[in-house]
Each structure stands twice: as C-alpha cells, then as structure tokens.
Amino acid sequence: MTMSPVRPLRRRSLLTGALSLGAALTALGAAPGRSWAAEGVPVSGCDVWGARPPKSPVKVLAARPQKIIVHHTATANTVQYGQDRAFALARAMQTYQMDTEGWIDTGQHFTISRGAFVTEGRHESLAALDSGARMVEAAHCTGQNTVAIGIENEGTYISEEPRPEQYARLVDLCVRICLQYGLRPYQIYGHRDFNNTQCPGDRLYALLPQLRADVAARTGGDPTAPAWPVLRVGDANERVRVLQCLLVQRGAAITPDGSFGPATDGAVRAFQQQIGAGVDGIAGNQTWNQLCAPVGEGAGGEAVRAVQSRLSGLGFATTADGVFGPGTAERTREFQESRGLPRDGVVDALTWSRLLS
Ligand SMILES: [Zn+2]
C-alpha cells in the first residue's frame with residue numbers, strides 16, 4: 001500500500017487500531033447491497049461493506065487500464081478469516097486513507113482479505129470493471145493511478161507468504177481483470193516496480209512470476225515480464241538515446257545525443273523524484289516501467305521518434321518524423337512478429353523492452 005518507503009510501522013499500528021474498532025462494529029457489513037461475481041470471484045461492493053461516500057465524485061476514465069499492480073496492506077497477518085474481518089478492513093482502510101492521507105476515497109480498486117474475501121475499494125471500480133471499457137482513477141501507485149488497477153492484499157509479506165487461499169483468490173481476480181480488460185499476464189506488476197517502496201513485500205513480490213504463469217494458464221498469453229537495461233553516467237549507445245527521448249517526452253530539457261552525461265543524470269533524478277521512484281540517477285526497472293507508456297497509431301512526439309529510430313536501427317526502416325502513422329504501425333507489427341510478440345502494432349512495455357534489448 002505504501003506510496004513511498006513511508007512509516008510502515010506507524011501505518012500498521014494505525015490500521016490495527018482502527019480494525020479493533022471496526023471489528024466491534026461488524027453489524028455495519030450486514031446491510032444488503034450489490035455484490036457481483038467476477039468469473040467465480042465474489043466481490044462485495046462498497047454498499048455491501050458499508051463504505052462512506054467519497055468526499056468528491058470519483059473520476060471514471062473512458063479508457064481501459066494498461067496493467068495490474070499488486071500491493072500488500074502492511075497490516076498484521078491476522079488469523080481472523082471471516083467476512084466480517086474483510087469488511088472491517090475495508091472500512092478501516094477507507095477511514096485511514098480519507099482522514100489521514102486526505103484522499104477522496106479508498107486508494108485501491110480491490111482488496112483481498114487474509115480469508116480470501118474480495119471487497120471493492122474506490123467507488124465505481126466494480127461497475128467500471130463490469131463495463132470492460134472504463135477504469136476509475138485511483139491512489140495506489142504514484143505515476144500509475146490513471147493506468148493501473150490496484151489490488152491490496154491484506155497482510156505483511158516481507159518474510160511470510162500470503163495464505164494459499166488468499167493467493168488463489170488473487171489469481172482468480174487477476175484472471176477476471178485480464179479477461180475483462182484484455183490485459184496480458186505480463187502486465188501484472190508489484191508496487192515496487194514503480195515506486196521506492198518495499199510493497200508488496202519480498203515474499204509476495206517473489207511470487208509474481210508464479211502469479212503471471214498461473215494467470216497465463218487460464219487466459220493464455222505471455223507471462224514473461226519485461227526486462228530492462230540498466231543505464232548510468234558514462235554509457236553511450238542507442239539505448240541512452242531512447243531514454244533521453246522518453247525523458248524529453250516527459251518534459252526534460254535535454255538533447256537526445258546518445259551520451260549519458262551530467263544533464264541526463266539530472267533529468268533521470270528529476271523524473272525519479274517526480275514519480276516516486278528511488279532517486280539514484282540510474283535508469284533501471286522503476287524508471288523504465290514509468291517511462292515506457294504504450295504508444296500506437298495517432299501518437300506523436302519524442303517517444304515516437306525513439307520507436308522509429310530503434311526500428312530503423314534494428315532493420316525495420318522507418319522515417320523518424322515523430323508521427324506514429326500507418327507505416328510505423330506496420331513496421332512495428334513486423335518487428336513484433338520477428339520477436340514472437342503479439343502483432344498488434346502498439347509499442348507496449350514488452351515491445352519497448354525488446355526494442356531496447
Ligand atoms: Zn503498495
């Protein structure tokens with residue numbers, strides 16, 4: 001859950017305190033309301049677990065998400081596995097996030113309790129998932145809240161794994177989200193892939209390759225997550241040029257010359273600061289995952305120029321005009337086919353990573 005490496009202990013104690021209160025008020029969860037079975041996954045909506053209304057209307061975006069991000073709540077690994085506990089957790093998290101964090105509503109889209117009960121987080125998340133075409137803007141991962149579905153898993157998974165029942169529910173929910181939104185298994189990430197945080201804990205993070213494989217077994221598709229080059233001061237190559245183009249696309253005032261000097265170092269650090277990554281001036285996993293947004297037909301700018309120059313460099317000749325037209329889309333499809341990737345003409349994270357390999 002943590003947005004940065006912040007105060008896990010403080011947060012845990014606050015939540016635990018709130019839960020004690022919540023557990024004493026379980027009757028709140030008994031109100032009738034909307035539940036919804038997602039591909040065999042029962043999800044209790046906000047009205048079922050007794051959510052407060054949001055402080056202001058939640059923002060529903062007319063776009064599908066690009067990925068799923070897995071979190072842990074950094075709360076106690078409780079042995080209370082009942083639905084009442086799941087509902088109390090949902091209320092405690094909403095209270096904490098609205099009253100202490102100051103957010104308009106719960107931060108994440110969905111929560112899975114230790115007892116494997118799934119609750120809706122931010123209002124409208126279920127309806128948006130149902131639509132298959134919209135998502136709710138959330139607050140679970142800096143830099144990704146308009147493009148990623150956030151799933152919180154109750155517990156702390158630094159030295160312990162989630163319960164098998166909870167993990168199985170996570171697989172179920174990811175399958176449903178992937179099918180509903182057309183996501184691929186490699187588009188399942190952990191919070192630490194984007195922000196400087198230990199979330200979702202070493203043990204749950206280490207389960208993510210298995211999670212992608214378990215989801216792929218039911219949805220089809222490639223479970224292999226993108227692998228990124230590590231670039232730092234002193235490097236000089238075409239990958240550096242791509243990095244520089246992507247930084248320019250995000251507002252950096254540098255010249256893409258393929259040489260990683262002090263100006264690029266400064267731009268990487270500024271970007272890392274901005275998106276809540278670890279600030280070290282080294283372009284690695286978090287930096288690339290935040291920079292490499294999908295680009296496809298109709299896109300323009302330096303990111304497109306970077307795609308075009310890499311395609312040309314790899315033998316798929318394209319004019320580097322910074323406009324993603326039908327020609328660039330066709331060259332992209334040819335490149336994807338040559339690398340065994342889905343031939344959709346969209347440069348998503350996996351295609352980006354192959355352009356950089
Ligand atoms: Zn998190």
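**Reading loops, strands and helix packing**

Student: In which loop is the place of Pro200?

Tutor: The place of Pro200 is in the loop between strand S9 (188-190) and helix H6 (202-206), and, before we go further, please keep in mind that this is a predicted model. The peptide bond that joins Cys199 and Pro200 is cis, with omega about 5°.

Student: Let me turn to backbone angles: what is the phi of Ala116, and where is this residue found?

Tutor: Ala116 has a positive phi of about 75° although it is not a glycine, and it is found in the loop between S5 and strand S6 (118-120). With a relative accessibility of 9%, Ala116 counts as buried. Glu124, which lies in the loop between S6 and helix H4 (125-131), is also a residue other than glycine with a positive phi, here near 80°. Glu124, however, is partly exposed, at a relative accessible area of 42%. A glycine with a positive phi, near 80°, is Gly102, which follows H3.

Student: What should I read from the span and the burial of H3?

Tutor: Helix H3 (residues 83-100) has 18 residues and reaches 25 Å from its first C-alpha to its last, close to the 26 Å expected at 1.5 Å a residue. As for burial, H3 is mostly covered, with 13 of its 18 residues buried.

Student: How should I think about the two faces of a strand, and which residues of S8 lie on each side?

Tutor: In a regular strand the side chains alternate between the two faces of the sheet. In S8, Ala148, Gly150 and Glu152 are on one side while Ile149, Ile151 and Asn153 are on the other, and all of them are buried, so that both faces are covered. Six of the six residues of strand S8 (residues 148-153) are buried, so this strand is largely enclosed by the rest of the structure.

Student: Which strands pair with S8, and in what sense?

Tutor: Strand S4 (residues 67-72) pairs with S8 in the parallel sense over six bridges, and within this pairing Gly150 of S8 is the bridge partner of Ile69. Strand S5 (residues 110-112) also pairs with S8 in the parallel sense, over three bridges, and there Phe110 stands opposite Ile151.

Student: For helix packing, at what angle do H8 and H9 cross?

Tutor: The axes of helix H8 (residues 238-249) and helix H9 (residues 262-274) come within 11 Å and cross at roughly 50°, and the two helices are therefore oblique to each other. Their contact is made by Leu243, Gln244 and Leu247 of H8 together with Thr264, Ala267, Val268 and Phe271 of H9. On the spacing of such residues, an α-helix has 3.6 residues a turn, so residues three or four places apart point the same way.

Student: And how does H8 pack with H11?

Tutor: H8 and helix H11 (residues 302-313) pack at an angle of about 160°, with their axes 7 Å apart, which makes H8 roughly antiparallel to H11. Among the residues that make this contact are Arg241, Cys245 and Val248 of H8, and Ala303, Ala306 and Arg310 of H11. The crossing of H8 and H11 is left-handed, and H8 likewise passes H9 in a left-handed crossing.

Student: Finally, is Asp348 buried or exposed, and what is it in contact with?

Tutor: Asp348, in the loop between helix H12 (326-338) and helix H13 (349-355), counts as buried at 6% relative accessibility. Leaving aside its neighbours within four places in sequence, Asp348 is in contact with Arg184, Tyr186, Gln187 and Pro294.

Conventions. Residues numbered from 1 in each chain as written. Predicted model: local features only at pLDDT ≥ 70, side-chain atom pairs only at ≥ 80, totals over all residues. Heavy atoms only, no water. Helix = DSSP H or I, 4+ residues; strand = E, 2+ residues; numbered from the N terminus. Expected span 1.5 Å × (residues − 1). Buried < 20%, exposed > 50% of the residue type's maximum accessible area, 1.4 Å probe, protein only. Pairing = 2+ DSSP bridges. Axes fitted to C-alpha atoms, helices over the stretch in contact; angles between N-to-C directions. Parallel < 35°, antiparallel > 145°, perpendicular 65-115°, else oblique. Left-handed = near helix turned anticlockwise from the far one by under 90°. Contact = heavy atoms within 4.5 Å.
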